[in-house]
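I am new to the structure and would like the terms spelled out.

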Amino acid sequence: MITIGLVGKTNVGKSTFFSASTMVDVEIANRPFVTIDPNVGMGYVKSKCVHMEFGVKCNPRNSICIDDFRFVPVKIVDVAGLIPGAHEGRGLGNKFLDDLRKADVLIHVIDASGSTSEEGSPVEPGSRNPEDDILFIEKELDEWFFSIVNKDWNKFARTADLSGKDYVDSLLSKLSGLSINKLQIIETLKKANLENLKLMQWSDEDIRRFSKTLRLISKPIVIAANKADIPIAKENISKLKEKHELVIPVSANSELALRKASKNGVIKYIPGEKDFEIIGNITQKQKEALEFIKNKVMDPYGSTGVQDSINAAVFIALKMILVYPVEDERKLTDKNGNILPDALLIKDGSTPRDLAGEIHSDLAKGFLFAIDARKKMRVSEDYKLKMNDVMKIVSTMAKA
């Protein structure tokens, strides 16, 4: 399962974002270091379900389907907030960084209104430039990666070079605790121009360049610009979008309020949508709160941004797609008759053989071909899977 790490300066709304995306109750307060131990919960990536296209009613097994949207689970980890110098142990820095080791992608929650100081204390909105928070978090992550790569480097490099072992495998062993894979190391070496250089020849600058490049590739970042409902945040968000690729306006407080109201039967609301429907009796205070969310968040930004941030992390930053494996390509069912039971997240560019491996290793070993359920045609093992493909795997070993 994909793991998303929530990172950020202390007291910017990470715990609220976590609660809004998982509905797990955690302590939320306007003060630094509310989160000490990491909060772990289940969030969901959202996509239109293909049952609509085929005109059938699905029976999800590994996911859920709500009003024609398929929600596929991902793990979300909210770790302790950072302050400058975290990689040197300031605040809860070392603990924070260790808790991030298994994350596949990071959502950096920032205070887009600039109403928290460098140390996470409340200040007047606009007092802090949120760009500074982005830069210092990236610096802390870079220094963390460098400290791991650089540890005992001379001894490691000498041993690896003299052993004659593939140095990609040597680096993979050294960095295994960071959930790094071989392809990421190969890509990093290429982008850092270190492909043909022995490890003992790497300078400090080479090690730093390798570390930063590996961090960018293995822990991509989506910026969740929280507190977007505060007026000054809109201008700040526009400036951030000019410099950073993935900046999502977010109001975690609004999303949490909507999900609680939906859970209590007050409104009908699908996470990530631009509107909601009042279906229960509400007080005047509740009505005013809902009107504020609609007018100050959903109308100007299109959503509260929480679900959009999760989707961006999985579909854009990680470049994943959803594929639906079936056993019967005509009925779109598994062996038990469940219609479109599974929606699997897989890397864009993956092949049917890769999909077979995700289902079961034996399927990949005996892979023969796949059948595209839309076209009712065979596809070869080098076919590149696309978003929302529905595929039957044919194998000598077993059935999908």
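Which residues have the most contacts inside the largest nonpolar core? They are Trp153, Leu171, Trp202 and Phe210, in a core of 44 residues. A nonpolar core is here a set of buried Ala, Val, Leu, Ile, Met, Phe, Trp, Tyr and Cys residues joined through side-chain atoms within 4.5 Å. Buried means under 20% relative accessible area, exposed means over 50%, and partly exposed is in between, with a 1.4 Å probe and protein chains only.

This is a predicted model, in which local features need pLDDT of at least 70 and side-chain atom pairs count only at pLDDT 80 or more, while totals for chains, interfaces and linings use all residues. Residues are numbered from 1 along each chain as its sequence is written, and side-chain values use heavy atoms, with hydrogens and water left out.

Helices (H or I, at least four residues) and strands (E, at least two) are DSSP runs, numbered from the N terminus. H4 gives the most to this core, with nine residues. Because domain 1 (3-125 + 221-315) and domain 2 (142-215) both give residues to the core, it lies between them. Trp153 touches Leu171, Lys174, Leu199, Trp202 and Ile207, leaving out residues up to four places away in sequence; contact means heavy atoms within 4.5 Å. A second, separate core has 41 residues, among them Val50, Val72, Val222 and Ala224.

The division into domains also includes domain 3 (321-395). The domain bounds come from an automatic or database domain assignment. Between the C-alpha centres of domain 2 and domain 3 there are 36 Å.

The next topic is the largest pocket, which holds about 1,400 Å³ of space. A pocket is found on a 1 Å grid over the protein atoms alone: it is an open set of points where a 1.4 Å probe fits, with protein on both sides within 12 Å along at least five of seven lines, and lining residues have an atom within 4 Å of a point. Grid points are joined across faces, edges and corners, and the volume is the space filled by probe spheres set on the points. The lining has 39 residues, and Pro220, Ala317, Leu318, Lys319 and Lys347 are the closest to the pocket centre. Strand E4 (69-78), H7, H8, E6, helix H12 (306-317), strand E11 (344-347) and helix H13 (352-359) each give two or more residues to this lining.

Lys319 sits in the loop between H12 and strand E10 (320-326). Is Lys319 buried or exposed? With a relative accessible area of 53%, Lys319 is exposed. Its phi is near 55 degrees, a positive value in a residue other than glycine. Leu332, in the loop between E10 and E11, also has a positive phi, of about 65 degrees, although it is not a glycine. Leu332 counts as buried, at 3% relative accessibility.

Arg61 is placed in the loop between helix H2 (51-54) and strand E3 (64-66). Its relative accessibility is 54%, so Arg61 counts as exposed. Arg61 touches Asp334, Pro341 and Asp342, not counting residues up to four places away in sequence. The side chains of Arg61 and Asp342 are joined by a polar contact of 2.4 Å. A polar contact is a pair of N or O atoms within 3.5 Å; within protein, one must be able to donate a hydrogen and the other to accept it, and residues adjacent in sequence count only if both atoms are side-chain atoms. Arg61 and Lys335 are 274 residues apart along the chain, and their C-alpha atoms are separated by 13 Å.

Arg259 is buried, at 13% relative accessible area, and its side chain makes a polar contact of 2.7 Å with the side chain of Glu255. Ser254 is also in helix H10 and counts as buried at 4% relative accessibility. Its side chain makes a polar contact with that of Ser251 (2.7 Å). Ala252, in helix H10, is buried with a relative accessible area of 1%. Apart from neighbours within four places in sequence, Ala252 is in contact with Gly13, Thr16, Phe17, Ala20, Asn226 and Val306.
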